[in-house]
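Please look through the briefing below with the sequence and the three-dimensional view side by side.

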Amino acid sequence: MDRNITSVVSRLLSLGVAALAIALVAAASPIVVSGQLLAYQDGYVFFSTGDGFHVAPNVVIHDAKTGGATTIVPGPRIWARATFDASGTVTELDLSRRPLPPEGNFDDVARFAVALSTPAPNPDLLPQTPAPGQTLAPEFRHFSGKPVLVTFVAEVPPNTPFTAAVYITTDASGWNAQAIPMDRIDTLHFQITRRINSGTIFRYLYDRGSFQSVEVAENGLQRAPREVIVADADVRAVRDTVYAWIDSTNGGYNQSPTGLPTPYNPAPFPNLPPGVGPPGVATPCAHPPRCPPQ
Amino acid sequence: MRRPLLLTAVFCALVTLGTHRVLAQAAAPAATPTPGPAPALVRLTADHMEFYYDQFLIEADGHVRVEASDGLVATGDAFSMDLKLNRYLLAGHVTLTTTSGTVHGAAIADFLDFSRIYFVPVTTEPDRWTFLNGDLQHPAKGRIMPGDAFSFPQVGPQPSLTASSAVVGTRDYVRFSGATGNLGGLPIPLGSYVVNFSSNQYFAQNSLTGANFDTTWNFAGGPNALSALHFRYDTVNYFYLAFEQHLVGDHEYAIFSVNPISRAGKFYNFQLYDRLGSRFQIQDFTQLYVYQYNLSAPQAATQTSYINATYALPHSYLTAASNLTNYNILGINPLLQQTFFPNSVKVGAGNLSHPSYLQIGWSSFQNRIGGSGSPFYEQIYGAYGFNHDSVGANQYLQGCTVPKCGLGGIYALPLQVPGLQAYGAACNYKFQPKPPIYFCPVYTTIYDQVLGFTLFATSIKLGDQDNPYKTFFLNASLNEQEQWNSLPHRIRQTIAQASLSRQFARQVNSYLSYAIQNTGDYYLRGGYTTCSPTINGQPNPACPPGLDSFRGVATWHTLSLGVNYVPSPEFNFSILARHHADFPPPVPNLYAQPPLNVLGQPLYATYLGQPPNDLSGDVRFKLLPHMMVDVSRTYFFHYGNLTWSPQTVIQVLPI
């Protein structure tokens, strides 16, 4: 009798342990990750990591928001929350056209990704080897894409009018001549700070509001755009010298697309009142209404 | 398949870089970047295609077909191309066709700048192949791929345009077909539309004048050309059309424009530029003004051409500048027509004047005075010029007809007499009936010589040089220039200025500046005419004290205090206070105020009659993710009837 009771208790305990173990295993086995789909074809679902996973034949497809049926078809650009079983097969996909909150980690399911070939290192992604005798590559720069505060300081030619506005024109804004206005910080310098993403190759020129007043090189020729490669840093200062503006060089001209030119007009005081001025100026009569015709 | 976490983060971040060209090899510590392979062509068709201007992204879906000039032909379900990163992604039921056959797969990504194609084939099972350097026959299998090679970018809510097909000239342009623009939600059928994003700045050269509003339809183009129709508005012509054609090379460009097409007064502009070798360039700007209805016979036509050449020397450069203007290239007939049938023409036919000039100039580089580290520099320059007009009209310094003379204080209507400049006493009447008065002798040819130098000192540190927020910077410059004309007449100008500046904090900098400009306009004989302070014993309001003693030498003294407050790149506030002490002293409403440019700023930097005090404020702030607004205005402290500058200048700036 006691033996029977002991046996029953033992069996019940065994069953309980087994049930608990099954429950624990069952609770731990599903792995859920969310991400954007790359493709859904040939019995695989591909995420934008490039990894492809087996899809169960009876995969359940739901709407990620409602949990119910969905008309969304899995495919490129669709966001999905994937449920993996213990064998790494996707058993459920919850779909959305909008980004889903990050869930899980693709590193946890990377072992389930199917690939015929053995992973091989990519030399393109390895750091460069320092030159012999150097402990650190001299041009070591890193580009993470994060915004960097870049301050441009331009020294302008001394003949730049005090009231002139100076701008930066850049390929990032289609060479708009008034894209980035600068602030005068003293008689000879202008400055501006911009947030530029690390990794950007920023091509630019200085100008005074148009390409008819753009900077030229020190030798008087039109210059190629300046270039700054923005690497990772908290802040960066770029100091440039503008040697001359194209319309203020010797022989330079300020071509006017619609105004007829005044080829010879050496007037230093263009707005003098009547009756005052260089020899050759007509003297107005004192009482214009009563002036006789000349 | 594990990816290095750092590299994944790096590449994921790069995906979000927006509109700037970036380094796609960013994961690896990079040396100075080297140019990528030659630009390629990518032809794209799809059921639906979108373009996002602010991100330079092309997104396409449904029966996508990609043909690249490297021989790759692929089809798939979805396509995404970042024009600035110069790479594209095709995903979903991908079929890759090469000369060796067809392979099916899930996705393919082509990093054009690096000659790397990353492919996820699905044969018996998925795999990872990398095609190197355009070799589509021998993939490197199993290579770890960049973490973001197959990422679709997040796009904005509204595309800038939709299309059915596109040709992408990588790194230069994309030409859409079947395009429909999106103007604030309003669909605008465009047909063909070209987006140019070339790094060649010659595409930015333009020959159109400013306008209050301009929207551009680039309807054709390629790596070296761009054809555009402009829809414009300005306060003179109102709404009108203009056309512009760019032809651009690595060392040359040619630009042609007609503006406005839809008005009788048309400007045909031609700009040419060529760099010959590393030391020589030549450029031309020619303008033809024609008054014609549509393409009918013109009633007036004027032409002007500038030709400039520059030759770079080891430490200086030579320039040759020339101009030829013909005020009437239609001949005498339109003049006769205008004379005898004045009501039959809408516009003056011009005159037969054709002035010209040629100037040879030389300029040194900015040379450091003293040894390395010296803050002092000098530059010298000179020029010799020739000016000629045998016919002459509307010359400088000729009298003006009464009663129009003096309107607004400007020489309103110079007389039409031969030559370039009149000088001296009144001529005897030469014509009958009695003509307006003019002065003799009249010069048809005037030579001039210019000599000048500049001395300047830049960023001399003063004060506590160990603390950047307690360091003062002294900048100063002196420019002296003299121009001798064969009239005989000379103009001498001296400009001296100095400033003391300091960065008080990261957000605040300030400067105090003082400038003196002295300009003398000297005639060997005669000198300046002066006004009389009294008329019939009464004070002459047109000749206040100071002006009556003006003999052609003016002096401007300007004291300026500027403060910039820049808490972040997205917000900026600047204020500039100035005090002027000038001779002749300013008198409200006596001197004409200078005309304003299209930005609302005075055309002259210094001018007689400028208000003695002014305070300018400028605020710049970010309005939208890709747009900043700049608002500025000047206060004149009730100078006469002038309280504020004529207009608030508002500029919309892309970022």
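Helices (H or I, at least four residues) and strands (E, at least two) are DSSP runs, numbered from the N terminus. This is a predicted model, in which local features need pLDDT of at least 70 and side-chain atom pairs count only at pLDDT 80 or more, while totals for chains, interfaces and linings use all residues. Residues are numbered from 1 along each chain as its sequence is written, and chains are lettered from A and ligands numbered from 1 in the order in which they are written.

**Chain A as a whole**

- Chain A holds 2 helices and 15 strands, and it is divided into domain 1 (23-112) and domain 2 (147-245), with bounds that come from an automatic or database domain assignment.
- The centres of domain 1 of chain A and domain 2 of chain A, taken over C-alpha atoms, are separated by 49 Å.
- A residue is called buried if 20 or more other C-beta atoms lie within 10 Å of its own, exposed if 12 or fewer, and partly exposed in between, with C-beta atoms placed from the backbone; of the 294 residues of chain A, 40% count as buried.
- Two residues are in contact if their C-beta atoms, placed from the backbone, lie within 7 Å, and among the contacts in chain A with a separation of 6 or more, 64% come from residues 24 or more positions apart.

**Strand 2 of chain A and its partners**

- Two strands pair if DSSP finds at least two bridges between them, and strand 1 (residues 31-41) of chain A is joined to strand 2 of chain A by 4 bridges, the two running antiparallel.
- Within this pair, Gln41(A) stands opposite Tyr44(A), and in the hairpin, which has 2 residues between the strands, Asp42(A) takes a positive phi near 55°.
- Strand 2 of chain A is also joined by 3 bridges to strand 3 (residues 52-63) of chain A, again with the two strands running antiparallel, and here Val45(A) stands opposite Phe53(A).
- The hairpin of strand 2 of chain A and strand 3 of chain A has 4 residues between the strands, and in it Gly50(A) takes a positive phi near 95°.
- In a regular strand the side chains alternate between the two faces of the sheet.

**Nonpolar cores**

- A nonpolar core is a set of buried Ala, Val, Leu, Ile, Met, Phe, Trp, Tyr and Cys residues joined through C-beta atoms within 7 Å.
- The largest nonpolar core has 86 residues, and those with the most contacts inside it are Val45(A), Phe46(A), Phe79(B), Leu90(B), Ala91(B) and Ala107(B).
- A second, separate core has 33 residues, including Ala179(A), Ile196(A), Val242(A) and Phe456(B).
- Not counting residues up to four places away in sequence, Val45(A) touches several residues, among them Leu37(A), Tyr40(A), Phe53(A) and Val55(A).

**Two open sheets in chain A**

- One open sheet of 4 strands has the order 8-7-11-13 (chain A), with antiparallel pairing, and its edge strands are strand 8 (180-181) and strand 13 (226-229) of chain A, each of which pairs on one side only.
- Strand 11 (residues 201-207) of chain A and strand 13 of chain A pair in the antiparallel sense over 4 bridges, with Arg203(A) opposite Glu227(A).
- Another open sheet of 4 strands has the order 9-10-6-14 (chain A), with mixed pairing. Strand 9 (183-184) and strand 14 (235-241) of chain A stand at its edges with a single partner strand each, so one side of each is left without a neighbour in the sheet.
- Strand 6 (residues 147-155) of chain A and strand 10 (residues 189-197) of chain A pair in the antiparallel sense over 9 bridges, and Thr151(A) stands opposite Thr193(A).

**Two buried residues of chain B**

- Ala46(B) lies in strand 1 (residues 41-52) of chain B and counts as buried because 24 other C-beta atoms lie within 10 Å.
- The C-alpha atoms of Ala46(B) and His63(B), which are 17 residues apart along the chain, are separated by 5.4 Å.
- His230(B) lies in strand 13 (residues 225-234) of chain B and is buried because it has 22 C-beta neighbours inside 10 Å.
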